[in-house]
Amino acid sequence: MTETRPPLRSYGRVKGRPVKPRQAGLLETLLPRLALDLGRPIDLDERETWLEIGFGGGEHLAEQAARHPDVRLLGAEPFVNGVASALRHIDERGLTNVGVHAGDARALLAALPDGALSRMFVLFPDPWPKTRHQKRRLMQADTVAELGRVLRPGGRLRFATDWRDYAAWTLERMLVAPAFRWAAEAADDWRTPPADHVTTRYETKRLGDTPPIWLDFERA
Ligand SMILES: C[S@@+](CC[C@H](N)C(=O)[O-])C[C@H]1O[C@@H](n2cnc3c(N)ncnc32)[C@H](O)[C@@H]1O
């Protein structure tokens, strides 16, 4: 029998400060309605489906969902306080096109059929800057292959980081992945926030060692 081990944790804590009562209420009432059931094939209708991995407080997820009411936005995030914050945004804005996996995105990816998604966002993933921790980075070769599997041809993946080394690490893996083509059109595209980008909470903290680096890829 082959044993499948869960991947190394690519995230830090799953719980922070106590969740505010209103958000705790949404975890009980709204989350069950939005939660994706990974135990069965994910129900994909005729709409385009986009996925944000590690949506943090959910500001980007909610804004993209509001801007694109015809698109189904899926989000994965294991940090409970982040999920609670995202639920508040979804509730306040009355969004009906969002699905949530309150856990590791890699489990959600595994439950998605080939070519299910037309866009993906990996914005400011945990950088794991110490060399001994780099094996925890999300953008490992096997995850990159999974991202390629679930993205439809012509689909786009946006990656952003404010850690120089993580940008280089990701580019290294994406450039050798047959599924992907770097979609840069000008030499300094990587310095410029894409026109449709929504600033994230982590991004504003400027915790990295470089201004944000933007890498957009197209599924070959
Ligand atoms: C540095 S934060 C950035 C959050 C948000 N994207 C932003 O820019 O504000 C990285 C987030 O990715 C989440 N994360 C890390 N590994 C993940 C995984 N395997 N699946 C889903 N989310 C993950 C973490 O819990 C954390 O909230």
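Predicted model: local features only at pLDDT ≥ 70, side-chain atom pairs only at ≥ 80, totals over all residues.
Residues are numbered from 1 along each chain as its sequence is written, and side-chain values use heavy atoms, with hydrogens and water left out.

**Stop 1**

A polar contact here is a pair of N or O atoms within 3.5 Å. Select Ser10. A polar side-chain atom of Ser10 is 2.7 Å from a ligand nitrogen atom. Go to Leu123 next. There a polar backbone atom lies 2.8 Å from a nitrogen atom of the ligand. Now pick Thr200. One of its polar side-chain atoms is 2.6 Å from a ligand oxygen atom. The protein covers 92% of the 590 Å² of accessible area that the ligand has on its own (Shrake-Rupley method, 1.4 Å probe).

**Stop 1: the elements around the ligand**

Show the helices and strands. These are DSSP runs, numbered from the N terminus: helices (H or I) have at least four residues, strands (E) at least two.

**Stop 2: helix H3**

Select residues 59–67, helix H3. Which residues of helix H3 are buried? They are His60, Leu61, Ala62, Glu63, Gln64 and Ala65. Buried means under 20% relative accessible area, exposed over 50%, and partly exposed in between (1.4 Å probe, protein chains only). Among what covers these buried residues are strands S1 (49–53), S2 (72–76), S3 (98–101) and S4 (117–123), and helix H4 (80–92).

**Stop 3: His89**

Select His89, in helix H4. Why does His89 count as buried? Because its relative accessibility is 16%. Leaving out residues up to four places away in sequence, His89 touches Gly57, Gly58, Glu59, Ala62 and Leu95. Touching, or contact, means heavy atoms within 4.5 Å.

**Stop 4: Val98**

Finish at Val98, in strand S3. Val98 is buried, at 7% relative accessible area. With residues up to four places away in sequence not counted, Val98 touches Leu34, Leu61, Ala65, Leu73 and Ile90. Now look across to Ala62. Val98 and Ala62 are 36 residues apart in sequence, and 8.0 Å apart in space, C-alpha to C-alpha.

Conventions. Polar contact = N/O pair within 3.5 Å; in protein donor to acceptor, adjacent residues only side chain to side chain.
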